Structures are given as C-alpha cells and as structure tokens.
Amino acid sequence: MSHEHHDHDEAMEPVQEFSRRSFLKLAGFSFAGTALAGCQQSNLENAIPYLLRPEEITPGVPYWFASTCRACSAGCGVLVKNRDGRPIKIEGNPAHPVSRGGLCAIGQAAIVSLYDSQRLNGPLLKGSPSTWDQVDAEVMTELAAIKNSGGAVRFLTGSVTSPTTRGLIGRFLASFKDGRHGEYDPVSSSAILDAHQYTHGSRLLPRFRFEQAETIVSLDADFLGTWISPVEFTKGYRAGRSLEGSGQKFSHHTQIESRLSLTGSNADERIIVSPDEVALVTSRLVALVSSRAGRSAHSVSPNLAEHLENRLTGIADRLWQTRGRSLIVCGTNDLGLQVQVNLLNDLLGNYGKTIDVENPSYQCRGDDGELTRLIDEIQSGSVQALFVEGVNPLYDLPDSTALKEAFSRIRLMVSFAERVDETSETARVVMPQPHELERWNDAETVAGIVSLSQPTIQPLRDTRTLGESLSVWLGERHGAYDLIRQEWERSVFRRRNQERSFTAFWNKTLHDGFVEVEGQGVKVKSLKRDALHPRSSSPKPVAEGAFALVLHSSLTMLDGRHAHNPWLQELADPVTKIVWDNYVSISETVAANLGIGEGDVVTIQTEEKGRLELPAHLQPGQHDRVLSIALGYGRKGTDRFIDVGPKWLQAKPTVAPGELVGVNAATLLRFENGELAYTNLSVTIAKTGRKHPLASTQEYHSLTNPDLLGGGTGERRPIIQQTSFAAYAKDPSAGSFRKHEIESLWPDDHQYDGHRWGMAIDLSACTGCSACVIGCQAENNIPVVGKDEVGRNRELQWLRIDRYYDNENGELSVSHQPMMCQHCGNAPCETVCPVLATVHDSEGLNQQIYNRCVGTRYCANNCPYKVRHFNWFEYPRGDELHRMVLNPDVTVRERGVMEKCSFCVQRIQLAKIEAKNEGRSLRDGDIQPACQQSCPADAITFGDMNDPESRISRAMTEPRFYRVLEELGVRPSIGYMTLVRDTEDSESRPSANEKGAGIHG
Amino acid sequence: MGEVFSVLRQPLVLGNKTYADITDDVCGPLEKGASLSWWIAFIVSVGVLILGALSVAYQVMTGVGVWGLNNTVGWAFDITNFVFWIGIGHAGTLISAILFLFRQRWRTSVNRSAEAMTIFAVICAGIFPILHTGRPWFAYWLLPYPNFRGPLWVNFRSPLVWDMFAISCYLTISALFWYVGMIPDLATIRDRTKSALRKKLFGFFSFGWDGSNRTWQRYEKLYLLLAGLATPLVVSVHTIVSWDFATSVIPGWHTTILPPYFVAGAVFSGFAMVLTLMLIVRKVMNLEEYITLHHIEQMCKVIIATGGMVGLAYMTELFVAYYSGNEYERFAFINRALGPYGWTYWVMVGCNIMVPQLFWWKKIRRNPGIVFALSILINVGMWFERFVIIMTSLTRDYLPASWAGFTPTIIDLTTLLGSFGLFFTLFLLFARFLPMIAIGEVKGVVRYGKGRSELKPLEPRKEGALEQTLVG
C-alpha cells in the first residue's frame, strides 16, 4: 500500500456482504454502491448532507482512488483525488509499472470531460431520447431476426484493452453464425503488428524499452509526444539519460523526420528528410548495418546526398557499437518500412533486450487489413448489424461520405458513444457510455500488467457500459462490477499465484489499481533473416512542384476524441505554441517563396478530390517539400466553444459562427498497401487570400535578439544553459553562464528560520510535453479564456513552457523551459505593490493575496519573468456541472486581480497538517506541487532548501544548477539545470546546411 | 498688487488700457450671456466627455480587458495618459509660482489660466490611476487610512503610494494657490454683479475681501508663501511620477536619468499646452491685448530651452544604454528606435526635438497660427514620449518568450479622448464663470514698458475700491 492513497480497501468489499456499516462506507465513497448494485439507474438530484457521517470521510479532506487512465489506449495508472464526493483531479500513480507516476496532459485533462453537460443522458433510438428497455427490446428483436437469418454481425472498435470487454464481445459474437470483431486505431500502428506477423510469426506490438537503449534512432516516431505510449516512453527515455549521482548514463537519440515533432525537438541529432526518403534512409541503414554484421543486404543501396550518407554512416557505426543496447523505432504506418526496421533491430540484437516481444504491448491492436475487409463488407451491404465503440469511423476514416451511405443501409447500427458524434448520428441506437471515472473497467495494456478502473462518483448521466449492454443482450443482466469480478476470478486470478483467496487478491488490486501477473506467454518465432524478403517499400517521390502531406496526431487532440475538452483545446502545442486550431505547417523558406504568411488561409489539394482549406503556419525545422497537418480537429459539436471566453465589445468568438474548431484532416487519409497511410500524399498548396489569425502563446521564438541594427545577428540572451554531453563529462559545469557575485547593501529582509521552499527544473529531462501545464490548471482552478484572449496574450495558465528555436552551427536547436513564478527572495513585484497584496512569507513563498489586490498590474510589469497573469474579465467557467471540477482548496479569482503560481501552497499546508497529525516533521518529498507530481520526465524537484539532505538542496549544489536572470539580484527560488544533449562538438560536426533551420522571429 | 514700471522693456498690456478697461474686459464677458463660439466649444467638449464617461462606465462594468493591455504590457494608454496630464500641469505651476518668485512680470496675464489648466490637468491625470486598477472600487486602499482590517497599511515602498501622495499634494496646493490668487478678483465680480445669487456666492468665496491695505498686505504675503510651497512641487511631482519607472527592474524604465528628464519634459509639454489654450483664448475671448505676441514669444523660448533638455535626455539615454554594457538595456533602446513600435519613437523625436527648433525664428514665434500648430505637435510628441517609455519597454523585456505587442482598443481611444473632453469642459466652465486674467495683477503691469511721459495720472473709480489701494 503506497502512502499516497488512504486505506479504503475495506470499503470496496463485495456487494454481496452488504451490511449497514459497509453501506455507509460505500455511500461515502461517492455512492459507488449504486454502481455496484448492477444496472439500476437512479437520479440523485439533490446533495443531501450526511445524517450519519461515514467514518472515513472528513469533509474537506481529500481521498484517493486508484484507477486507470483511458484517455488513450496506453493505460497509465492514475490516482483520482476526490473531495466531498466528487473527483477533482487525476494524477499519475507512482506505483504503476507502465507509467510509474507520470501522466500526460490528456490524462490529466480528462477530469473536465466528466463534468461535460453535453455528454449523452439516456439512450437514443433513431435520434430521439428513449429508454433502456425500449432500446434493448429493439436491439434484441433485430438481433434475434439476424440470428435466425444467419446475417453478419460486426463489431468495430478501437483497441480493446479490457480483457473483460474483449471476452464479452467474443462471447456475444460467438452467439451468431457470422460474427466478427474488427479493431482499428484512428492513428494506426497496424504496420508494426503486421510486420511482426511477417517477421516473427505473431501479430504483436512489442514493448519498447527505451530505458535499456543507449542509441535510439527514431524514424518519424513521436514517441515522447503522441506515439503509442508517450508517458511510458518518456519515463524510459528519461531513465536512459540520467546525469544524477553515480549511475550516469546518457543515450544518444537521433530523430529522422520530416516535420518538427516534440520528440524531434528533444533529439541529440535531427535529420530532416522527406517522407519518401525515410524508406531510402532505412534501406541504407539496413545495408550499412548488414555490412558491419558481415552480411549482404537484400535491398539495393540507394544514392543519397553526401552529407546524409556521412551522417547515416555515423549512425550505423554508433548502432553497431551499441548493438543489443540500441533501439530503432519507426512511426510510419508502412509494412515494408516496418519489416526493415524489424530486420535492423534483429541485426543489432535488440530483440529480447530493448524490444520485448515475450511480454508485448496491447496498447495498439488495430488491424488495418481487417478494417479494410470490414469496410468492404459494409459497403457491399452484407453486414446486418454493426456495433461501433471507441472509434468514430465517419470522422476518422477517409471517404466518409460513401461510408455514411453504406452505414445507413445497415439493418441495425448501434453506436456506443459518450456524445452524439459523426458516427452515432447515423446509428439507429445510441448507447451512452459513462465517463471512465464513473465506471468499472479493466485493462491489460502490457502483457502481465492488468489494471482496474473504479467509479469515483455516482454516474452523472444515464449511461450503461458496453459490457453491461452486451450482458443484457446475452440475457445475463450482470452489472459491470460483477462482469469484471467474474472475469478476473476466471482468468486474471489464475495468472497470479500469490494470494490465497480471490477476495484478498481483488481487494489488493483494487487498492493498488493494478496487479502484475504472468504474461500470456506469447510464442514468437525467431526471425529468419535469410528467408526474409523485405516487402518492397518504394514510395513514389512527390511530383515536381507538389508537396508531400504528412498527417499526424497532435499532443492535445490525438485522433480527435478530446476535441470537446476545453483545457486541451487551450493547451498550447508544445512545438508551435498554437491553441484552438489546426493548421498546415510549411517550411519558412518555401512559405516566403510562395508569399504565404502566418495565418494565411491556403487550399490543400490532392491529386484526387481531396481538398482542405486551413490557415498556414510557418515552421522552422520542417522539410521544404513537406506540409503537415494535425488530425483530430473539426469535430462535430466543437462549435459549442463559441461561448468560451469573455464577451465584450471587441471580443472575437473562439469559433466563428457555423464553424468548428479546426478542420478534419482525416478526409485526406487513404489506404495504401492495406494500411492507413498518413504520410507522403502528394498535394499542392495555393493561397486563398483570406486570413485566419492563429492564436499562439508565444510570439517571439528565439533566444537571439532580433537583428535590428543590421549587419550580423543579434546577441544571444543568457537564459538557457546548454552544453554537449562530451563537454559535460569533462567538466560538469560546462555551458554555465558567468556567475555574478551580487552584494547587497541591505541586510536580508527574510530569515527563513524554518522551511525555505525551492524548486529545480532539469532542462535535460524536460521534454516540453506540457503535462505540468494541465496539472497546474486542474489544481489551481485556472479558467479557459478562449482563442481571442490567448491571441491577445492574456492566457491565464500559471505555468507556461517557453520554447526557443536557435540556430546552432546551421542546425535548428530547440529548447523547452518551463516558466512560472520564481518566488524571488528579492521579489520586484513585492516592493511595487501599493497595497501589499503580494508579500513574502517566512518560508520563501511569494504570496498573492487576491482579496487585497486592487489590480494595478505594477507587479506584473515589474516581473522580469512575466509570469503574473491578470484577470482581465470575469471569465465564464462553464455551467454548474462544469464548475464541479473546481478544487475547493484554491480560491476562484474574480476579475481585476492578479494571480500566479503559488508553489501549490495548499499542498504545502496539507502536508504540514498531515505531518503534524502524525506527530512527525515534514519529510523530503511529502510535498509535491501539481506540476511535479505528474511530470512524466521527473524533471521537477521541489523541497526545502534549508534541509541539507533534501533532494532540492543536493540539486542546488550540482554544477549544472543555475538561476535564470540571476544577475538582476532578484534571487529566485527556482533554478534550472543545464540542458545537456549528446551533440557533437562544433569542430567535428559536418557542416551540413539543413533545410528549414532558420530562426522564426 | 504693487505696480511695476519699466521703460526699457516691452509693454505687457497693449492698447493703452485704463484700470476700468481691464476690469471691464475681464469681468464683462462673465456678466453677459455666453457667446456662440463658447457654446459650440462647450457642446463638443461635453459630447466628448460623455463618450469618455460611457467608455469608463463600460470598462468599470466589464473589466480592464476592454483595453488593449495584456500580460506582458500591463500599462499602456492608462498610465501614458496619466503621466501626460500630470506633465501638462507642470507649466501652470511653473508660470504661477516659479515665474512669480523670479519676478517675471509677463506671467501676469497668463498665470490664472495656466493654473486653471494645471488643476484640470491634474484632475484628468488623477482619474487614470483609479481607473487603471482592476477593481477601481477598491482604489481607496491606496490611501493609508485607519481601518479594522488588521489594520492593513499601504506599502510605503511602492512608488504608486508615493505617486498618490505626490498627486494629492499637488492638487491641494495648486487648487489653494489658484483660489487664493483669485480672491481679489472674486471680490471685484462680487462688487460689480447685479444678481443677488452671484453676489452671495462670490461674496462667500471672496471671504469678505475689503480691499484694505492690510488685506492686500496679508494677501500678498500668503501668495508669496504659497508660491514658495508650490515651487518644489514643479520638480518633485514629476520626479516621483518618474520613479514609477526608474525604481523598476525593466530595461528602458530602470534609469536614473528619468527624474530630470521627466521634469524637463513636463514643463516642455505644459508650455505647449498653455500655448495651445492661450492662442485659442486670446482669440475667442478677445484678450489679444493682454496675451500678446510677446507672451507667446516668451513661452516659445521656454519651449526651445526645455525641448533642448528633453533632446539631451534622449541622447543621454541612448549613450548610457550603449555605455552601460548591459545587453538588455542596449536592446531596449535599439528596440525602441528600430523595433516594431519604432514609428512611435520617431514621432516622439520628430515632435519633441525637431519641431521646437523652428522656434529659433522670430517670425515663427510671432505667428500665432504656426505656433498653435506646432504646440499641438509638441503635445502629440510628448504623449508619444510617455507611450514609448511605458509601452515599448514592456513589450520586449527579458525573456523573449514573453515578448508581446500592444494594440489599442476602441475603448482605449475613447477614454483618451474623454479625458480631453473633461479637460476642455472644465476649462470652458472656468472661462465662463471665473476671471481668466488676474485683474489685480495685470493692473500692476499696465504701464510696464511704457515711457514716463506716457504715464497718465490714475483716475479713481467710484465703484471699485481696488485701484485706490495700488501702491505707486
């Protein structure tokens, strides 16, 4: 039992042993009891005060549930913080073996979707509200008829990671003569699985162990941002790049990509290639590695440009030197390419070391081949009943018009959805699905690690899980809880031989949120290299004058399933820093040639009918022949955000009337060789002459001053300390700015007798993933302000991540720097406030007293870091339901007051109270601000600088530690650690003049 | 006031005025109905004032967000307007107090209006520190008043608190000085008026002035003392206002040159505004014989001098930025001149350094039309000076990621306009109801600059006791 969550395993005792006492406990735990009791639906409209207070609940004291994140299929472990019966925050579960305490921005933002009043309430029959009995009758009648006629019944879902649901779907389909289940991922990794089918004889997604890798080569895989399981990979990546203590190791990461991804922005070495060159580069790598392995390669060596050839030779040497400790991943959904990558990894002996196929991952199970077959079936009209869950085929698949028409011909179409989306709109029956925090669920996303989800609140809407519905249709009528328990007793419990009784096993698992059991023992063939004929993969290069279009998932929207989440819509993309829109990214030089400026609406035209109009964004680090667009935008219903943000004379709505947030780029997807193809579509671009201003949280993008005087570049500002690993190994203080001895004429104002809080942020660890931004937003009740306000530079997020592009030896170098209130010892804001609304406390916190603030904004003007945020308006905080997400520990600020990072003072207080109650002093690590808690990269350290043993004190003595703008004498309590990258020294670096490495001013 | 003579200098009042003529010229218009031109000017001013008042009401109801400010640029039009108006006021105090102490007799025909201008400008200025707060209904928290919240005190380290003291002090002293100077004239109006209400009102406000020798003596002593009190304010108020910026850490704000720079600028802009007003007033109110071309010339000369100081300050700033070796400081000034808002800098330089150079030519100085146009340009330039200092310094400070721009909103513009509406409304009301020229003082210089032979014996008037008290 980890100390983070309180004892409540007893409370989850099985419902069969219902006593008065346990009832009260259950009632206390968010009335989960009603969910346990099966399919009963009750409407609780009034909050009733406790007549008899349940023992465990102290009003005002939070309690935690261990659960599993389902915001994507990675399945990170989470802890859900409840206050007085409602969940208010989702954090990473430090004990969970997949995510190890990390949680991405999406996972943390999922809490706000729970309180979305636009979620479906009750089933829909032919588009109108209905009752469960009616829809059950309708479905069962139709199914009976189909069963008799032997008609085809199909399930179309996303990757089903729940063993219980998978089993139920299987049982359900087995009851029909012709039942099949097709899974697909809207952002597909199907080719990886297919490639392993081809090379290893088993269709599986291996588990990538970035922590074991010393050399990482990523071909267009954004594994730190969006690819498969970013939190898990970030944890691993970080573990493989540790500069602390004696266990120093530092992997070398090469990113070969066509657009600047978050992962690319963190790479030690970045090679910009066009999508068609990725295949050439891979073939060449196979050839180079084969020759080092003393084997001849099957593929012909393509002719590559000399500088590219040189770099690939270097990479091949490095890979060969670290064979068995290297890892090559590829994000292109192309079978031929993935087979070559498998071959490469096999040649390097990475299987069984950095790539685990024995205990594979189930995070992506999509099968594009199966999907194609299913679509063909549907279009041929042979499917009688179609059940859709977890995906939105009419949105995320190409050719949706034809598909929609085909769907309308299906006899029975049932959609399981949280809201009416593009697909459920056409369905005869829509079965509303509960939010993940309202339901029981389970997940096995990595072989041998099975996680549980449990309800943390009485369902807010009239919903029923897929499993419950299937159970009803199978004539069993089991509740979700029973279904999972039965399944676990039958299968998961058997795979573990530690506990005697299932009850003990179950209670422990429920408490922990997961259990580690034996994997299912995947037998894989060893790869026979000689028999392997890599499937030809020769993508045709795009025509002269055309561009290669790359469609990618964005870190906030993924495939569009989070389009209704206002926090994520307003979370700046970690690279472009743009909010509330998607856009086509284009290289700066090309844009200049074409006369395209930022925000110009352009038309993207494919060779076929495909056509999109969307604004252009000028992106450094982008290949000149490549245009890239994020998927997941233009979702139905996002016109709701017209209401976001303050209303005033010159306010512009976040969404123009009649429009959606962004445009859907999935219409340009296509199937190529049986796989969904995201890259290398040949398109042309043309200006429309219209403008669509993009709102960005950052307007200037370089650390170098703009060259206003002409004649040479401006000065580089000493904000980010950066060095190479080689230099660091020689001298740990490499890259440090000159330190200034600052003497003061004045005695210290502050004594700091007790604690003195401080923070260190490791720039080498930080990937810029922005999980901390959402963590802070959830913890501190930061409202969403809308696109117009962000465009006016009035975003309210207390924590921002500054992203700088810099030109280093002709190559683009990107750095991410989280920036929030630095809690200065000599705070410039404190002296200028006329009413003492911002003051220093005895523990070094710079405190903002909202009810004293009159809002002169002098403090913000005088802040050298510009981290103070003003409430320009009374910001709308959504409806009553939406406001349930507010954290009662943090004041909701009114208009006209200043606000900023408080170092999560409420958490400091809570930890102090807990320590006091337990009669002990605070321990290092008791206090974790929201940003630190869920950081997937463990980049943030917080603690007591007065305690010489604390981690923060040790961090401060490291040679890498520095403070930003230290020379001003403001004495910030936050320090940063030099950004170390395994870049080559400038002398040895080839003077390759990469395209698009310009600086964007 | 004691009468002064000079045979060497130019006459200060033209047209061989008798004392009676002066009294009639100044008081006459107050006793008649308002002229058409006054009404037109008044209606326009009140219209603009109402526009401003509506903007302010909208802003107070909606939030400061209706201005174009953002998290990087927390002050722009609001504090620019504040500093601009405070600066305007300084010329009035300089004319009425410092020139009085220096015995610059030419001040007598403009000092009353100039002081009125000071007070109205300070009122206009004082509005902005209140309005710029996010919660103006709590702006009184800037005052150190006894309270039950602890008691909570103000932060005496904050320049905004100093500002609050400086401005309230300035307003009080200026108003007092203005009012005291007006008492003999109020008595004159009291004595001339036929309306009972006016008699009562002016009787009350003239404190039962009896025009006796003793009264005059005491009055003059008090006036001298108040002039002495007001004199340091000319330097201190704008010095303190400049500390809002000088004590900060923001490059472009954090410079020690700001206090003298601001004071010179304030006098510079104030004289430009006095010129603007006086050129209208002498035309509209037929005071061309009192506010003569000589007066205008004098004020133009002050503008050349103060404009030179301002120009020196601009160059010193640039030099120090370069010489300091501080890269942030250097960039702030390069950015000021060549950055995205460089045009504002060049408007400032053009209006404040180039324009005053034209005043080296006597022909220009003596051409009211050209002087009027140039005085307006200087006003524009000085507004831009404050805007450049405040806004461009904020747009690009330390961390490039937090750099931002500023675009004014409609409300920004209407609020600025509205402050002019308020200013002109107050000034027009002043011109309508109070003596615009210090009658008693002007009578003292009526024979200034005239030869002995031209001096006629004084003819005592029956109804006015004032003239009899003149000391020969």
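Why does A:Gly791 count as buried? This report answers that question and then turns to other parts of the structure, which is a predicted model.

**A buried glycine**

A:Gly791 counts as buried because 21 C-beta neighbours lie inside 10 Å of this residue, and the cut-off for a buried residue is 20 or more. The residue belongs to helix α22 of chain A, which covers residues 787-791. Leaving aside residues up to four places away in sequence, A:Gly791 touches A:Pro693 and A:Ala695.

**The domains of chain A**

Chain A is divided into five parts, given in the table below.

| Domain of chain A | Residues |
|---|---|
| Domain 1 | 10-115 + 440-516 |
| Domain 2 | 124-187 + 366-432 |
| Domain 3 | 202-356 |
| Domain 4 | 547-696 |
| Domain 5 | 757-981 |

The C-alpha centres of domain 3 of chain A and domain 4 of chain A are 28 Å apart. Where these domains meet, 17 residues of domain 3 of chain A are in contact with 24 residues of domain 4 of chain A. On the domain 3 side, two elements of chain A give two or more residues each, namely α8 (262-266) and α9 (275-292). Of the elements there, α8(A) gives the most, with three residues. By class, this side of domain 3 of chain A has six nonpolar, eight polar and three charged residues.

**A sheet and the helix across it**

Strands of a sheet pair through backbone hydrogen bonds, in either a parallel or an antiparallel sense. In chain A, three strands form an open sheet in the order β1-β2-β3, with antiparallel pairing. Its edge strands are β1 (63-68) and β3 (86-92) of chain A, each of which pairs on one side only. From one strand to the next, the twist averages 30°. The antiparallel pairing of β1(A) with strand β2 (residues 77-83) of chain A runs over six bridges. Within β2(A), A:Asn82 stands opposite A:Tyr63.

Helix α3 of chain A (residues 105-114) lies across β2 and β3 of chain A, and runs at about 165° to β3(A). This helix is mostly covered, with ten of its ten residues buried. Among the buried residues of α3(A) are A:Ala105, A:Ile106, A:Gln108 and A:Leu114. Their cover includes β2, β3, α18 (566-569) and α21 (771-779) of chain A.

**Chain A against chain B**

Between the chains, 50 residues of chain A are in contact with 47 residues of chain B. On the side of chain A, the elements that give two or more residues are β34 (800-808), α23 (828-832), α24 (858-861) and β38 (869-870) of chain A. The residues of this side divide into 27 nonpolar, 13 polar and ten charged.

**Two helices in chain B**

In chain B, helix α8 (residues 258-284) packs against helix α13 (residues 368-395) at an angle of about 140°, and their axes are 8 Å apart. The crossing of α8(B) and α13(B) is left-handed. The residues that meet include B:Phe268, B:Ala272 and B:Leu279 in α8(B), and B:Val371, B:Ile376 and B:Glu385 in α13(B). By class, the residues of this contact divide into eleven nonpolar, five polar and one charged.

Notes: Residues numbered from 1 in each chain as written. Chains lettered and ligands numbered in written order. Predicted model: local features only at pLDDT ≥ 70, side-chain atom pairs only at ≥ 80, totals over all residues. Domains from an automatic or database assignment. Contact = placed C-beta atoms within 7 Å. Helix = DSSP H or I, 4+ residues; strand = E, 2+ residues; numbered from the N terminus. Nonpolar A, V, L, I, M, F, W, Y, C, P; charged D, E, K, R; others polar. Axes fitted to C-alpha atoms, helices over the stretch in contact; angles between N-to-C directions. Left-handed = near helix turned anticlockwise from the far one by under 90°. Pairing = 2+ DSSP bridges. Buried ≥ 20, exposed ≤ 12 C-beta atoms within 10 Å, placed from the backbone.
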